[in-house]
Every structure is written in C-alpha cells, then in structure tokens.
Amino acid sequence: MSVIAPTFRLSYFLRSILDNVFWIIVLVTLVGIPAIQIVLFYIEMPVIDGELLTPFLALTWLADPSRAVPIIKALMYTDFFRIAVFPGFGLAALLAAGTIFVERKMLAKLQLRVGPFYCGKVEGILQLMGDGLKLISKEIIIPAKADKPIFWLAPVAFVGTAAAFVSLIPVAPGWVVADVDLGVLAVFAVIGFFPIVTILSAWSANSKFPFIGGIRALHQMISFEIPLILSLLGVVMLAGTMSLTGIVESQDFFPWIVFLPVGAIVFFICILAELERIPFDLPEAESEIVAGWLTEFSGMMYGLVQLGTYLKLYAFAALFTVMFLGGWSGPMLWPPFPEEIITDGIQLGPVTATIPGLPILDQAMLNGVLWFLLKTVAVIFFILLPRGVFPRIRIDMLLSLGWYKLIGLSFINIFIALALLYAGVLGPGGMI
Amino acid sequence: MADAVFLALSVLTIGSAIAALEMRSLIYGSIALMGSLGGVAGFFFLLDAPFVALFQLAVYVGSIAVLILFTVMLVRRELIFKKIEDRRRKMAGIGLLLVFLVSVGALIMSSGIQQMDSDSPPIDFREIGEDFLVYYWPALVVMALILSGAVTGALVLARREVESGTN
C-alpha cells in the first residue's frame with residue numbers, strides 16, 4: 001500500500017543516505033574506475049616531464065594536480081570529445097535548448113503575452129527542464145496498426161541525420177568533427193536524408209494526419225532543395241573550394257553576403273522552408289492537420305524529433321554563417337591570456353601555485369568561437385522572428401515560390417558570381 | 001581493414017538488393033533499395049572517389065529512392081501486381097542470373113583490368129572538371145542544354161493556369 005506522505009523519521013532518512021553512500025562506493029570501485037581506466041587506455045596520453053602518462057599515472061592527478069591540465073588538454077584533442085562535446089553534439093544541443101526557450105519567450109513578448117513564467121522563479125528559465133522531465137516520464141503510445149520498426153526507428157534516424165549535419169560545421173580554425181574536402185557536397189548528401197525519414201515516419205504511423213503532413217513535407221523539402229543547392233553554387237565558384245573550412249578562410253576580408261546578397265536571401269528563404277518554420281509550416285499546420293507528421297508521436301519520441309528539429313535549425317543557421325557571413329573570422333575581441341599566470345603562477349596570500357600546461361585554449365580559437373556563436377545566434381534569431389509576424393502561406397503559393405522565383409533568383413545569383421569571376425574582381429586570382 | 005569493409009559492403013549491397021526484390025512489403029523493398037544504393041556509395045568511398053560517392057548519396061539515395069518511396073505510397077499493391085510464381089520460373093531466373101554473372105565476370109577478367117596499377121593516386125575531381133572544360137566541352141554543352149531544358153520543362157509543368165478574375 002502506498003502512502004502519499006509518510007511520516008518523517010530521522011533514522012529512516014539516515015539509513016537511506018548510508019545506503020546510497022554504500023552503493024555509490026561499490027559502483028565506483030567496481031564499475032567507475034575500471035571504466036575510466038578503459039577509456040584512458042584508448043586515449044593517446046600526453047608526455048609530461050619526459051614521462052609518458054599511463055592510465056595508472058593519469059589517475060594520480062588527484063594527488064598531483066600539476067597533471068590535471070595536461071590530461072584535460074589531451075582529452076580535448078580526442079575524437080570522442082569533438083563528436084560528443086565541443087564542436088559536435090554537446091554545443092549543438094545546448095544551443096538547441098537555448099533556442100527553444102528563447103523562441104517561446106520572444107514569441108510571447110512579440111504577441112504581448114508573458115510566455116513561460118512560473119518555472120524557476122526568474123522569467124521561467126527552468127521551463128525547458130520541466131518540459132524535458134515531462135516528456136521523459138510520459139508513456140510512449142504506438143498506434144495499434146502502425147508499422148512498428150519504422151515508427152520506432154524514425155525519431156532516432158532523424159536525430160542521427162541532424163547530428164551528421166552538425167558534424168560537418170566548422171566552428172573555429174581546426175575545430176570541426178569531420179573536415180571533409182567536399183564539405184558542401186556532403187551537406188547536400190546529408191540534407192537529402194531528411195525527406196526520407198520524414199515520409200517514412202509519416203507513413204509508418206498509419207494515420208491520416210501524419211500522412212498528409214508527410215506528403216506536404218516531402219513536396220516542400222524536395223522542391224526547396226533545388227534552389228538551396230543552386231544558391232550555394234555562387235559561393236563555391238568564388239571561393240574556389242568545396243571545403244567548408246576553405247570557404248570560411250576565403251572570407252578573411254569580407255563575407256560573401258556583400259557580393260552575393262541575392263544568393264543569401266534565396267538561401268535564407270530555403271532554410272525557412274526546409275526547417276518547416278512559419279510561414280512555411282504547412283507540414284505541421286496545426287489548424288488543419290493536428291500536428292502534421294508529428295501527430296502520432298508521444299513522450300520521448302516526440303522529444304527526440306523536437307531535438308532533431310532544433311539541431312537541424314542550428315546546423316542550417318551555422319551553414320548560413322559559414323557560407324555567407326564569414327564563419328569565425330572577425331576582429332580580435334577576446335583578451336589574451338595573462339602571461340604572468342603562466343610564468344609566475346597564481347599568488348594566493350603566502351601560497352604561489354604554478355600550473356603547467358596553461359593556457360588550455362589559445363586566443364585565436366576562443367575569438368573564433370565567439371564570433372561564430374555571435375553570428376549563428378543572430379541568424380537563429382532571424383529564423384525565429386517570422387513566427388511572430390507572418391501567417392502560413394497556401395501550398396500553391398509555396399510551390400510557385402519555390403519553383404519560379406527562387407530558382408530564377410538563384411540562377412541570377414550564379415550569373416552575378418560568374419560575372420565577378422570573369423571580370424577578375426573576385427575569386428582565385430582576382431583583384432581582391 | 002579495407003578487405004573487411006569491402007566484404008561488409010558487398011554483403012550489405014547484395015543482401016539488400018535481394019531483399020529489395022523479395023520483400024513482400026513494397027515500402028520495405030524500397031528501403032532495402034536505399035540500402036543497396038548506399039552500399040554502392042560505400043564502394044565509391046573505398047575506391048577513393050568521394051565526389052562520386054557523395055553524388056551517389058545525394059542523387060540516388062536522396063532523390064531517386066524518395067521518388068520510388070513516394071510512388072509506392074500512393075499506389076495500391078494489389079492493383080498493379082499479380083503474383084505469378086512457380087518453381088520453373090524461379091529456377092530459370094536463377095540460371096539466367098548465373099549465366100549473366102559468369103559471362104560478365106569472364107569478360108572483366110579477360111580485359112586489361114588485371115594489369116592496372118593499383119598504387120597510382122586517385123584522380124582528383126578537379127582534373128575531371130578541367131578535362132570537361134577543355135577536351136570534352138561539346139559533351140558538357142549538350143549536358144547543360146539537356147539540364148536547362150529539363151528545368152525549363154519542370155517550370156512549365158509547374159505553371160498554374162491563371163483563371164480569369166481570380167488571383
């Protein structure tokens with residue numbers, strides 16, 4: 001029999017705490033430390049004081065703090081860190097979470113509402129955490145006649161595709177998960193998977209609203225992929241390379257948006273359509289077809305799709321930054337690391353602590369990340385903004401916009417790029 | 001390493017190709033076709049041709065497979081297919097396939113492929129582009145005309161008749 005509010009007894013409380021401590025100690029010794037050792041075994045360890053750091057020595061940083069910073073640095077240059085934390089999934093998920101909150105709050109302010117308010121005392125900043133907990137604890141309901149394997153796989157595949165897209169984005173010089181020589185083509189290849197996942201998930205739910213939404217999403221994504229690809233060709237021509245890192249490096253002096261504003265506008269509109277955001281949110285039109293292709297998802301499956309959507313939003317905004325706004329290039333804003341901490345150490349009263357291995361990150365990288373994030377957040381803001389302003393457009397207007405105007409404009413953009421290239425103004429061997 | 005990847009890709013490509021033919025559900029069949037096309041893209045990666053591989057992914061998996069999927073979703077299977085299957089047809093199909101494979105294999109083996117130097121560096125796609133612009137330019141012009149014709153045709157097809165008085 002369950003009791004809603006059992007009477008509090010100190011002995012029970014202490015016993016439960018002791019119980020937890022016991023299990024934590026047992027698990028750390030039996031699982032935690034061996035796991036750390038195994039992970040360290042596969043990481044290329046640094047050489048400190050002429051001595052190769054073995055996994056056994058590495059754990060001694062608890063006793064010898066001078067090893068801590070080199071170990072952290074060695075961890076930061078592993079592939080796992082790149083994929084899971086910094087230029088990869090961790091950063092993107094953090095930005096995605098921030099985007100969801102800012103979107104709700106900003107939209108509310110635009111429409112003279114309050115928005116999330118009660119969770120977390122200050123302007124509802126814990127609303128997101130509450131939503132996440134709710135989604136995790138909700139039951140996952142699968143429609144009785146759904147195609148179960150595809151229905152289970154679709155949200156995971158969606159997040160996976162979005163994460164693959166994120167992995168191609170260079171954040172700072174040298175800080176990219178997959179530095180592909182053909183980055184732009186790889187982006188096109190990855191984008192091509194989104195309609196497949198969408199239509200499969202829509203079909204597998206075996207319900208009419210998801211199916212209509214999925215068909216609309218398919219139409220929209222396929223028809224806007226063409227101007228999206230064409231609008232990037234001008235940049236590729238002028239930069240003379242397909243590598244995203246190379247494209248950023250070609251914008252040291254001026255971003256391409258200065259010379260190719262038409263392409264930038266076309267690309268931005270295509271981003272809005274690919275992301276199914278208002279005014280192009282026909283696949284999720286809530287007043288006609290419940291929630292479009294997301295209708296039958298519940299609980300954490302919906303959460304995964306939502307995570308994938310916002311990862312995709314971050315990736316597209318970052319792609320706009322990389323292609324048209326110059327990525328990480330910008331004037332040096334980040335203050336240099338104080339030299340005296342490296343040479344003299346930190347003085348705390350009578351104690352002087354010198355820390356070997358500083359600085360952890362160099363100034364150029366931090367400055368690059370700062371500029372990249374500033375530009376990307378600005379682009380995300382402009383992607384969110386139409387939601388508070390515009391109504392949804394009709395599907396025939398959508399298709400005629402995609403097939404007529406945007407394709408025509410992107411051809412005009414290509415001709416502008418060609419003219420600049422052949423006039424010898426820009427591009428490889430150009431005047432500037 | 002490369003051999004293991006090659007074997008895995010072969011199993012994936014051939015297995016999903018067979019699955020694409022044999023699956024009763026058309027949707028699963030087209031998903032298997034997608035796997036097969038993706039496996040071919042993997043072969044191109046193994047052959048140091050990432051350009052072709054990425055185009056294989058973007059065009060075949062990203063567009064053609066979507067087209068097939070879309071078509072399959074809009075039709076009823078019973079209306080277009082009637083199951084004709086007996087033992088003799090199956091045997092004849094397998095025999096025909098074997099004859100075809102053996103003859104193609106014999107052709108390839110007797111051609112000059114065995115004298116090829118496998119250590120030479122892969123051809124850069126920039127060289128292919130240069131060749132297209134210099135030596136094969138008529139082909140490029142013809143391709144460009146066909147493609148622009150296709151785009152114009154698509155635009156004409158997508159055109160909406162303006163009704164009098166409305167819009």
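Residues are numbered from 1 along each chain as its sequence is written, while chains are lettered from A and ligands numbered from 1 in the order in which they are written. As the model is predicted, local features need pLDDT of at least 70 and side-chain atom pairs count only at pLDDT 80 or more, whereas totals for chains, interfaces and linings use all residues.

Chain A contains 16 helices and four strands; helices (H or I, at least four residues) and strands (E, at least two) are DSSP runs numbered from the N terminus. Along the principal axes, the C-alpha atoms of chain A fill a box of roughly 70 × 70 × 45 Å. Of its 432 residues, 39% count as buried. A residue is buried if 20 or more other C-beta atoms lie within 10 Å of its own, exposed if 12 or fewer, and partly exposed in between, with C-beta atoms placed from the backbone. Among contacts in chain A between residues at least 6 apart in sequence, 77% join residues at least 24 apart; two residues are in contact if their C-beta atoms, placed from the backbone, lie within 7 Å.

Chain B has seven helices and zero strands, and its elements run α-α-α-α-α-α-α from the N terminus on. Buried residues make up 14% of the 167 residues in chain B. Of the contacts in chain B with a separation of 6 or more, 48% are between residues 24 or more positions apart. Chain B is divided into domain 1 (1–81) and domain 2 (126–159), with bounds that come from an automatic or database domain assignment. The centres of these two domains of chain B, taken over C-alpha atoms, are separated by 26 Å.

The contact between the chains takes 18 residues from chain B and 18 residues from chain A. On the side of chain B that touches chain A, helix 3 (50–74) and helix 7 (137–157) of chain B each supply at least two residues. Helix 3 of chain B gives the largest share of that side, 13 residues. By class, the side of chain B that touches chain A has 15 nonpolar residues, two polar and one charged. Here Ala, Val, Leu, Ile, Met, Phe, Trp, Tyr, Cys and Pro count as nonpolar, Asp, Glu, Lys and Arg as charged, and the others, Gly among them, as polar.

Which helix of chain A comes within 8 Å of helix 3 of chain B, axis to axis? It is helix 8 (residues 183–191) of chain A, and the two axes cross at roughly 25 degrees. Axes are lines fitted to C-alpha atoms, for helices over the stretch in contact, and angles run from 0 to 180 degrees between N-to-C directions. The crossing angle therefore makes helix 8 of chain A roughly parallel to helix 3 of chain B, given that angles under 35 degrees count as roughly parallel, over 145 as roughly antiparallel, 65 to 115 as roughly perpendicular and the rest as oblique. From helix 8 of chain A, Leu185(A), Ala186(A), Phe188(A) and Ala189(A) meet Phe51(B), Leu54(B), Leu57(B), Ala58(B) and Gly62(B) of helix 3 of chain B. This helix contact has eight nonpolar residues, one polar and no charged.

Within chain A, helix 9 (residues 193–204) packs with helix 10 (residues 208–239) at an angle of about 165 degrees, with the axes 8 Å apart. Helix 9 of chain A is therefore roughly antiparallel to helix 10 of chain A. The residues of their contact divide into 11 nonpolar, three polar and no charged.

Some single residues complete the picture. The peptide bond from Ile278(A) to Pro279(A) is cis, with omega near 10 degrees, and Pro279(A) is found in the loop between helix 12 (261–274) and helix 13 (299–324) of chain A. Leu112(A), not a glycine, has a positive phi of about 60 degrees and belongs to the loop between helix 5 (89–110) and helix 6 (127–137) of chain A. Leu112(A) counts as exposed because it has 6 C-beta neighbours inside 10 Å. In chain B, phi of Asp48(B) is likewise positive, near 60 degrees; Asp48(B) is found in the loop between helix 2 (26–46) and helix 3 of chain B. With 13 C-beta neighbours inside 10 Å, Asp48(B) counts as partly exposed.
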